[in-house]
Amino acid sequence: MNEKKSDFVKFEQVDKSYDGKELVVKGLDLDISEGEFLTLLGPSGSGKTTTLMMLAGFETPTNGEIYFDGRPINNIPPHKRGIGMVFQNYALFPHLSVFENLAFPLKVRKIDKAEIEERINRTLKMVSLTGFENRMPAQLSGGQQQRVAVARALVFDPKLVLMDEPLGALDKNLRESMQYELKHIHESLGVTVVYVTHDQGEALTMSNRIAVFNDGKVQQLSGPNELYETPVNSFVASFIGENNTFTGTVTEIASGSAKIQTDSGDTIFANPIAVNSSGDKSRISLRPERVSIDPNEQLENQFTSVIREIIYHGDHTRVRVNLLGNDEFILKVPNASSDLDFNVGDNLDLGWSSHDCRALDY
Amino acid sequence: MTNGEIRTSDGELLSVKLKKVESRKRTGALILVLPLLLFIIITYIFPIIQMLQRSVDNTQMNDLLNNTYQVIQNWDGSDFPPEEVVKTFYNDLKYLSENKLHGKIAVRLNYEKGGFSSLIKKTVRKLDSFDTNGNYLQQFKEIHKRWADQEYWLALKRATVPYHGRKYLASFDFKQDFDGSIVRIEEKKRINVTLWLRTIYVALGVTLCCLILAYPIAHLLSVLPTRYSNLLMICVLLPFWTSLLVRTSSWMVLLQTQGVLNDFLVFLGIVADENRLELMYNMTGTFIAMTQILLPFMVLPLYSVMKTISPSLMRAATSMGATPFHAFRKIYFPLTYAGISAGSILVFVLAIGYYITPALVGGAKGTLISNRIAYHMQSTLDWSYATAMATILLVGVLVVYYVYNRVVGIDNMRLG
């Protein structure tokens, strides 16, 4: 078996500017390994779609080089790259039936009729749309159109498939089931997928690795759990999942622990991730589920808060409290522990370990 | 509740109540469109009915010579009309001359056969010297030798029927011969068929030119950012805001032998001074000017269709390995069919009835059927001839619309 290349796709110092004044993508270095499901995640305008479009060939890098399977591809037009693509609004050809849509990339490649039919049947079976060959795209539901779009991008066996927010137009339930379906398709085909989304849940569910984009740069590139558990900077911490923050100044620092005086004047023990010396300004990040309510054991950080708002969420209850001057501190209480009886205005004792509380850049 | 009838809460039958409520809404809508409806009926429908009627109408002659018409129908057209017919004609003629109405029939009969006008005038002068005791035909023949020509009597018979389709025949260079058969007119007089063919040729040609010119412009309009596309749209629509006459006249300035375009070509040395191009008073002029004037009618429907084509379709096609040209041919072009057909039918229909431009820049070689209609309206005053041709034009356009509606569907026509 061939060894999987770790730099199947390689971005080397890629810059992109549309107007000659601002860089949309800044000095991008990114390696994508073969067979990987890599998600480019970021808010709108962060450069993730531009990156995808450069890889597809619809945009030209202003600087730098992109390699695909070892070849530089800057000067190869999109139709010669052999990269499959799923578009945001599916981009199905409205005047062609499902069969003809799927046959389009095969006819272009001059594949003979019998083989076309065989491949289309196989692909439609994969996306569970057998029997829909003669429907027109307008006669399909959003989810079905989406499957056709995926099938069309896969039917010519590309080594790399790009997906540009393909689930954006679907409703929540359908989106979730499609996420699993795409993940399974990826696993069974072993094709390399580069997926663009601004939905962190989607990214966490599907990807092998996630590249978090902001301001034209990759902020962090790592696996889903690493990204959630150990964000390297405040942007990633706040963008992925729910996050409580305090701001303050480092007063003492030792290996594995830093003493930080918050703006409200209290002292928090935190895990120093992006602070080096005392006097550094820091933003402290703490996940809601890492906070214990009425802790039994002794924790480094223990404070009393005041309940401001209680929001029932079905499987859990969200409690907004005022803690150390932060009025937006959120707690997640699983509804299994129904013995807890809260009222707005009550005091609540909270505690957390210094390890779970990450002192990041300001 | 009996017989499964559904009633509303106040006990009325649901179907009756629904009709009542809906009809109130309908009346309201009708009142709103009433002014326009009346306007269209008065200024459009009514004149068209008039036109249709006038093209076959001969009731004026029929009224003036009604007695003659009653008896001349019994004459089978062989030899000369029987005494009774000639006598009735004499009486009609006498009555008309006493009331000074014979001028009208003289003009009308002259359309039917040349020389009739003077024949009637001479006859009327001698009516008083007629011997009313008998042998009218002989006396007619003595007044003028043309009455001895059977064709004049046949012409009289044909001219008195209340309705006829002769102008329609004439519009296609046919006529009804004296024996009633339909034959083509003499070759040197055949002008209408040439004009019809030329009109269709020009209309098709202009449509094609407009399509070739408008397609790229419409595409550009649909892909440019709004800022630039608005500016370009103004350029496209600018001709709309200029008087048609002014535009056509400016083409005359540009195209004439000593005009701007020829001067420029001579200046560039492409054309020798002594062989300046004849760009006007021929088909070339008609083509150029009409294409320019009708271009917006092609651009707008194309633009409105192209605007709805997502750019990601072309991207999708190229990402699947299609060359840009292949993607255009298989994906983009088929999606613009609705715009192409809508624009083509608009331009074609407008071009087929175009009048001012061919009249001004067309010259003799560039005149179209509409100019012929105007000629009969204004110069020969043969309105039934003009309306017959106009009716044929109208029917032709309706047929084109019908076919379009069957093939494409009229609701696919959009202008903005």
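Author: B:Tyr375 belongs to helix H19 of chain B, which covers residues 369-378; helices are DSSP runs of H or I with at least four residues, strands are runs of E with at least two, and both are numbered from the N terminus. The model is predicted, so local features need pLDDT of at least 70 and side-chain atom pairs pLDDT 80 or more, while totals for chains, interfaces and linings use all residues. Residues are numbered from 1 along each chain as its sequence is written, chains are lettered from A and ligands numbered from 1 in the order in which they are written, and side-chain values use heavy atoms, with hydrogens and water left out.

B:Tyr375 counts as partly exposed because its relative accessibility is 39%; buried means under 20% relative accessible area, exposed means over 50%, and partly exposed lies in between, with a 1.4 Å probe and protein chains only.

Of the 416 residues in chain B, 42% are buried. The C-alpha atoms of chain B occupy a box of roughly 100 × 95 × 35 Å along the principal axes. The radius of gyration of chain B is 31 Å, whereas a compact globule of 416 residues would have one near 22 Å; this radius is taken over C-alpha atoms, and the globule rule is 2.2 Å times the number of residues to the power 0.38.

Another tyrosine of chain B deserves attention. B:Tyr281 sits in the loop between helix H13 (260-268) and helix H14 (283-306). Although B:Tyr281 is not a glycine, its phi is positive, at about 55°. Most residues other than glycine have a negative phi. Since its relative accessibility is 48%, B:Tyr281 is also classed as partly exposed.

A:Asp69, a residue other than glycine, has a positive phi near 55°. A:Asp69 is found in the loop between strand E4 (63-68) and strand E5 (71-72) of chain A. With a relative accessible area of 23%, A:Asp69 is partly exposed.

Finally, we return to the helices of chain B. Helix H16 of chain B, residues 324-335, includes B:Lys330. B:Lys330 counts as partly exposed because its relative accessibility is 38%.
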